Amino acid sequence: MLYRGRTDLASESFRQLGEDSGQLTQLPGVKARKESLNGLDVMSVEILDQTGARALGKPIGKYFTLDAPKQFRRGAEQFPDLVEALSRLIGRCAGDFDSVLVAALGNPDITPDALGSLSAGHILVTRHLKEAGTPGFEGFSSLALSRPGVLGCSGIESAVQIKLLCSQIKPGLVIVIDALAGADLDRLCRCIQVSSSGISPGSGVGNDRQELSRETLGTPVVSIGMPTVMDAGLLAGEGMAGLFVTPRNIDSLVRAGAAAIGYGINMAVHRGLSIGDMDMLLG
C-alpha cells in the first residue's frame with residue numbers, strides 16, 4: 001500500500017480507501033455523493049455508524065467538501081457563489097438554533113494556522129447588541145466570538161476555554177473554525193470542509209488536542225476548515241513523513257478563504273443579510 005499520510009478531509013479519506021479497495025462508491029457504513037451548489041462542486045460524505053467511522057478514521061456525522069472557484073478573494077466574480085454555497089452547507093449541519101458561539105482556533109502568528117483568527121475579522125458579533133436591545137438589530141441572531149489561541153501560547157486547552165464559555169452563555173450552536181491538513185497538493189487552500197461532527201484541533205498534523213464536539217461541549221458543533229498544509233511524505237515518500245508543505249502564496253490564499261468563511265457564517269447565522277450588508281457593517 002502507498003504511504004497515505006494524514007488528512008482531515010473525509011472526502012480524501014473516502015477516496016483513499018476506495019482506491020485501496022477498488023470500491024470507491026461501496027463502503028459499509030458510509031454514504032457519499034457529488035452535487036453542485038451555485039455552480040460549485042460539493043462532495044458529501046456521511047458516516048452512518050461505527051463501521052464507517054472505523055473505516056475512515058473519523059466520527060459519525062456529515063462532511064461536506066466544497067470546491068472553491070479559481071478566484072475567490074473578496075471582490076472576485078464568484079465570491080458570492082462561494083459564500084452562499086457555504087452558508088447552505090452550514091445550515092445543513094446546524095439545524096435549529098437561537099444563539100451561536102463562534103470559536104476561531106489556531107495561531108495567528110503562523111500563516112498556515114491563522115485561518116480561524118483571520119476569519120474572526122469578518123464575523124458580525126451581535127450578542128452584546130441583542131442583550132442591550134440596540135435598535136436596528138432585531139432581525140439579527142445572537143452571535144458571540146472567541147479566539148482562544150493555542151495551548152503553547154496560553155497554557156490552556158482551547159476546549160477548556162470554549163467549554164467554560166458554553167457553560168456561561170449557553171449557546172444553541174457552536175461553530176468552530178480551524179486550519180486543516182490535506183492529502184492532495186492541488187486542493188490545498190482550494191476547498192472548504194463543513195462538518196456536523198466537531199473537530200480535534202491539530203489532528204491532521206499529529207498534534208491532537210481535546211475534542212470539540214456535542215459530547216464534550218453539550219451543544220451541537222459545526223466545524224469549518226480549509227486544508228492549508230500536507231504531509232511531505234505524500235510527495236517525497238515515507239522518509240519525509242512528519243514534515244509539512246504549504247503553497248508558496250499561502251498568505252493570500254488563507255486570507256481569501258478566511259473572508260469566504262466569515263461571510264458564509266454571517267449569511268448562515270444572520271439570515272437575510274446580503275454581502276453588501278456585510279460590507280457596510282464590517283466597515
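Tutor: Lys170 is exposed, because its relative accessible area is 59% and the term applies to values over 50%. This is a predicted model, so the values here are computed from its atoms. Lys170 sits in the loop that runs between α7 (158-169) and β6 (173-182). Most residues other than glycine have a negative phi.

The loop between β6 and β7 (191-195) holds Cys189. Not a glycine either, Cys189 has a positive phi of about 60°. Its setting is described by another word: Cys189 is buried, since its relative accessible area is 0% and buried means under 20%.

From these loops, turn to residues in strands and helices. Ala104 belongs to strand β4 (residues 99-105). With a relative accessible area of 3%, Ala104 is buried. Leaving aside residues up to four places away in sequence, Ala104 touches Gly116, Ser117, Ala120, Leu145, Ser146, Arg147, Pro148 and Ile177. Ile224 is 120 residues from Ala104 in sequence, and their C-alpha atoms are 9.8 Å apart in space.

Val229 lies in strand β8 (residues 221-231). Val229 is buried, because its relative accessible area is 12%, which falls under 20%. Between Val229 and Glu46 there are 183 residues along the chain, and their C-alpha atoms are separated by 24 Å.

Gly152 is placed in helix α6 (residues 151-154). Gly152 is exposed, with a relative accessible area of 78%. Asn107 is 45 residues away from Gly152 in sequence, and the distance from C-alpha to C-alpha is 9.3 Å.

Next come the aromatic rings. A pair of aromatic rings is described by the distance of the centres and the angle of the planes. The structure holds 2 aromatic pairs. One of them joins Phe79 and Tyr263 in an edge-to-face arrangement, with 5.5 Å from centre to centre and 80° between the planes. Phe79 is part of helix α3 (residues 79-94) and Tyr263 is part of helix α10 (residues 250-269), so this pair ties together parts that are 184 residues apart in sequence. Phe79 and Tyr263 are both buried. Another aromatic pair is formed by Phe137 and Phe140; it is tilted, with 4.9 Å from centre to centre and 45° between the planes. Phe137 and Phe140 are both buried as well.

Two packed helices are described by the angle between their axes and the distance between the axes. For α3 and α10, the axes come within 8 Å and cross at roughly 55°. That angle makes α3 oblique to α10. The crossing in which α3 passes α10 is right-handed. On the α3 side, the contact is made by Phe79, Leu82, Val83, Glu84, Leu86, Ser87 and Ile90. On the α10 side, it is made by Ala259, Ala260, Ile261, Tyr263, Gly264, Ile265, Met267 and Ala268. Sorted by class, the contact of α3 with α10 has 12 nonpolar, 2 polar and 1 charged residues.

Helix α10 also packs with helix α11 (residues 275-282), at an angle of about 110° and with axes 11 Å apart. Angles of 65 to 115 degrees count as roughly perpendicular, and α10 and α11 are therefore roughly perpendicular to each other. Their crossing, α10 passing α11, is right-handed. Tyr263, Asn266 and Met267 make the contact from α10, while Ile275, Met278, Asp279 and Leu282 make it from α11. By class, this contact of α10 with α11 has 5 nonpolar, 1 polar and 1 charged residues.

The ring of Tyr263 pairs with that of Phe79, and Tyr263 is listed in the contact of α10 with α3 and in that of α10 with α11.

Notes. Residues numbered from 1 in each chain as written. Predicted model: local features only at pLDDT ≥ 70, side-chain atom pairs only at ≥ 80, totals over all residues. Heavy atoms only, no water. Phe/Tyr/Trp six-rings, centres within 6.5 Å; stacked < 30°, edge-to-face > 60°. Helix = DSSP H or I, 4+ residues; strand = E, 2+ residues; numbered from the N terminus. Buried < 20%, exposed > 50% of the residue type's maximum accessible area, 1.4 Å probe, protein only. Axes fitted to C-alpha atoms, helices over the stretch in contact; angles between N-to-C directions. Parallel < 35°, antiparallel > 145°, perpendicular 65-115°, else oblique. Left-handed = near helix turned anticlockwise from the far one by under 90°. Contact = heavy atoms within 4.5 Å. Nonpolar A, V, L, I, M, F, W, Y, C, P; charged D, E, K, R; others polar.
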